[in-house]
Amino acid sequence: MTEKPNYYAIIPSNVRYSSLKPNAKLLYGEITALSNKLGYCFASNFYFADLYGVSKNTVSRWLSDLNKLGFITIKIERNSNKEITKRIIGIVKKDDTPIYEKVKGNNTSINTTSTNISIKEKFVNEVMTFDYPKEMLNDFINYWCEGKKKMRFQKQSTFEIKLRLVRWAKNQKQWSKPKNTMSKLDSQINEWQKAKDLL
Amino acid sequence: MIKLLKQEDLKELTEKVLDLIAKTSVEIGHKTDAKTMVSLAKIFSNDLIKEKRFAKMTFNQVQDAFHQGVRFGKDEPFLNIRTFYKWTYAHKKVIDDARYQVEMLNQKNVPFYQEPLKLLK
């Protein structure tokens, strides 16, 4: 094990908020710290097991979980006798993940913003697929995308765009009903006239 | 010509009371519908003619009672017969007091004093 881990580890949002076990996410961070220069590392299960004080089997499970979800790639190199000579753990870089931005030399705050932007883009794209008036969809997006760290729709415990849009359209109808613009005094005078007729 | 309430014609008085109620409703800031106003006007005008305690009052004094009641009444103003009675009765006391001050104590310029109406020959 000749590699030295970087001082910082990076765990992008898609990994952080995935269904992985917390330690598996931490392992991902460790891998990113090891593979800063090359984008991959050769650390063994024993190395990770020793580092975290767990068994090799546990590390193996975490790695396979990370691999299953597509966050890392594991490549095994064998010699002519089909013996394993090297195991390469690579990080799967996605354009919209903070790790990609980090490599480009951005700081964390910008990374957060870029994540938010990508989440917003996804949200906007999904909303725009629905067949409602564009103006209404824009209003819907503006309302639900409000917020810096977390957008309003992210703060909801449940959020299904389709159902929210149905409700939005329903409310829109109610709100756009013509309101009674007559002043209180005018309506009172009207009532007085009616009363006079009733007498 | 000023008339005592007991001399008023019921229909005419009801019309005048209705106008007064409508005006009061605006002053209070309530939204009162036509049917309620008509009912209140009919009941109150009937009361004004029949009630002996208001017999010697005139309609302009009732108007004063409402004016004072809306502005200076102790309780929250409402458009109901009970409130109308409260205002009118309170004002009747003021009128009686004013009359006492003028006629017994010979004071001048007493607010709400009204010369007694001359009887028609």
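Predicted model: local features only at pLDDT ≥ 70, side-chain atom pairs only at ≥ 80, totals over all residues.
Visitor: How many bridges join β2(A) to β3(A), and which residues are partners?

Guide: β2(A) is joined to β3 (residues 84-91) of chain A by 7 bridges, and these strands too run antiparallel. Among the partners in β3(A), A:I91 faces A:I72, A:R87 is paired with A:I76, and A:I84 with A:R78. The two strands form a hairpin with 5 residues between them, and A:K82 in the turn has a positive phi of about 65°.

Visitor: Why are β1 and β2 of chain A described as standing at the edges?

Guide: The 3 strands form an open sheet in the order β1-β3-β2. β1 (40-41) and β2 (72-78) each have a single partner strand, so one side of each is left without a neighbour in the sheet. Helix α4 (residues 56-68) lies across β2 and β3 of chain A, at about 115° to β2(A), the angle being taken between N-to-C directions on a scale from 0 to 180 degrees.

Visitor: What makes B:D19 and A:K196 a salt bridge?

Guide: The rule asks for a side-chain nitrogen of Lys or Arg within 4 Å of a carboxyl oxygen of Asp or Glu; the closest N and O atoms of B:D19 and A:K196 are 3.9 Å apart, and therefore the pair qualifies. Across the interface of chain A and chain B the rule finds 1 salt bridge.

Visitor: What is known of the area that chain A and chain B bury between them?

Guide: About 1,200 Å² is buried, 71% of it on carbon and sulfur atoms, where buried area is the accessible area (1.4 Å probe) lost on putting the two parts together, summed over both. A:Q188, A:W192 and A:L199 supply 48% of the area that chain A buries against chain B, more than any other three residues.

Technical notes. Residues numbered from 1 in each chain as written. Chains lettered and ligands numbered in written order. Heavy atoms only, no water. Pairing = 2+ DSSP bridges. Helix = DSSP H or I, 4+ residues; strand = E, 2+ residues; numbered from the N terminus. Contact = heavy atoms within 4.5 Å.
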